[in-house]
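Try each task before reading its solution.

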Amino acid sequence: MTDVETAAAILRSGGLVAFPTETVYGLGADATNDRAVARIYEAKGRPQFNPLIAHVCDVEEAFALAEFPAAALTLAARFWPGPLTLVLKRKADCPVSLLASAGLESLALRVPQHPVALELIRAVGRPVVAPSANPSGRISPTTVQHVRDGLGGKVDFVIDGGPSVVGVESTVVSLLDEPRLLRAGGLAREAIEAALGVKLADADGGPMHSPGQLESHYAPHAKMRLNAKEWNAGEARLGFGAHDAPLNLSCSSDVVEAAANLFAMLHQLDAQGADVIAVAPIPMMGLGEAINDRLKRAAAPRP
Ligand code: TXA
Ligand code: MG
């Protein structure tokens, strides 16, 4: 049996499989199996109110699960497969576990771009829910080593698909009312706004908050010092562009390259055991919005 066949059999029988996507590694379960979904929350130590993304292998499968208003059709046609998650109204007969929606009438859907992820979902023949494959609140995994370090024995099987090329999670857009950015991520806001021809509303500007946007998240063990324009003695350093350091997110100030490096470099610096990780300023353009969002959460006071 191939790894994908093994993984698909485990998922179909209610197990947990960590698998590669283009954004970060996911901790997958059969979306239609309540017990399997519950095991995800348990393995991650995740607060129950945080709903999960259902991953499907194509747009047709997505149509069977949720209502697609015109704006959703536009975004799905333009950006799937890819690092975009759409929050939509569940169809009445949607077979995805209500636990995955955490009691909401909506469902988050995404068609990932990684060939292994697509092959796996196709082999399972059902939607696969998958949060990032890290303990809740910790840095997201972009390699199998990160997954093994963080979740170890709590996963039944891990598929190695190489380092994640995007490196930050998908952008989450709600289409329950006006198009709203719930989480900045691997697809830049500007690209979505250009496709829709409207500006995206902000998550905190309206009643529809993203339940998963905990203040402290993505946290390394070290404290974080952001917008560091100079380096202090004893700090682990994360450079960007001309603010150089032994680890530099992107020497050429490319935010796409920086996103791909972000979590792996934070893992690496954290492993050095310093008390503080200082991070150079990152511009708020394109994927810079997602990078700054993750850094802000990593720096927030811990619960
Ligand atoms: O790139 C990604 O999105 C990765 C890979 C594995 O696909 N997955 C991921 O999942 O980041 P997770 O569970 O770590 O983040 C899902 C985000 C959370 O912020 C959650 O609150 C939001 O999506 N979300 C999920 N369902 C939702 C819903 N029904 N309404 C609003 N927000 C929802
Ligand atoms: Mg996560």
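A word on classes before we start: Ala, Val, Leu, Ile, Met, Phe, Trp, Tyr, Cys and Pro count as nonpolar, Asp, Glu, Lys and Arg as charged, and the others, Gly among them, as polar. Keep in mind that this is a predicted model.

**Exercise 1.** Find the buried residues of helix α6 and work out how they are placed around its axis.

Solution. 
- Step 1: Go to residues 144-151, which form α6; its buried residues are Val144, His146, Val147 and Leu151.
- Step 2: These residues span an arc of only 155° around the axis, so they sit on the same side of α6.
- Step 3: Recall that an α-helix has 3.6 residues a turn, so residues three or four places apart point the same way.
- Step 4: Look at what covers them: β1 (17-19), β2 (26-30), α2 (34-44), β7 (157-158) and α8 (255-271) are included.
- Step 5: Just after α6, stop at glycine 152, whose phi is positive, about 35°.

**Exercise 2.** Describe the second largest pocket and its lining.

Solution. 
- Step 1: Its volume is about 240 Å³.
- Step 2: There are 14 lining residues, and the closest to the centre are Asp149, Gly150, His221, His267 and Asp270.
- Step 3: The elements giving two or more residues to this lining are α6 and α8.
- Step 4: Sorted by class, the lining holds 6 nonpolar, 5 polar and 3 charged residues.

Notes
Residues numbered from 1 in each chain as written. Chains lettered and ligands numbered in written order. Predicted model: local features only at pLDDT ≥ 70, side-chain atom pairs only at ≥ 80, totals over all residues. Heavy atoms only, no water. Buried < 20%, exposed > 50% of the residue type's maximum accessible area, 1.4 Å probe, protein only. Helix = DSSP H or I, 4+ residues; strand = E, 2+ residues; numbered from the N terminus. Arc of directions from axis to C-beta. Contact = heavy atoms within 4.5 Å. 1 Å grid on protein atoms, 1.4 Å probe; cavity = no way out; pocket = protein on both sides within 12 Å on 5 of 7 lines; lining within 4 Å. Points joined across faces, edges and corners; volume = space filled by probe spheres on them.
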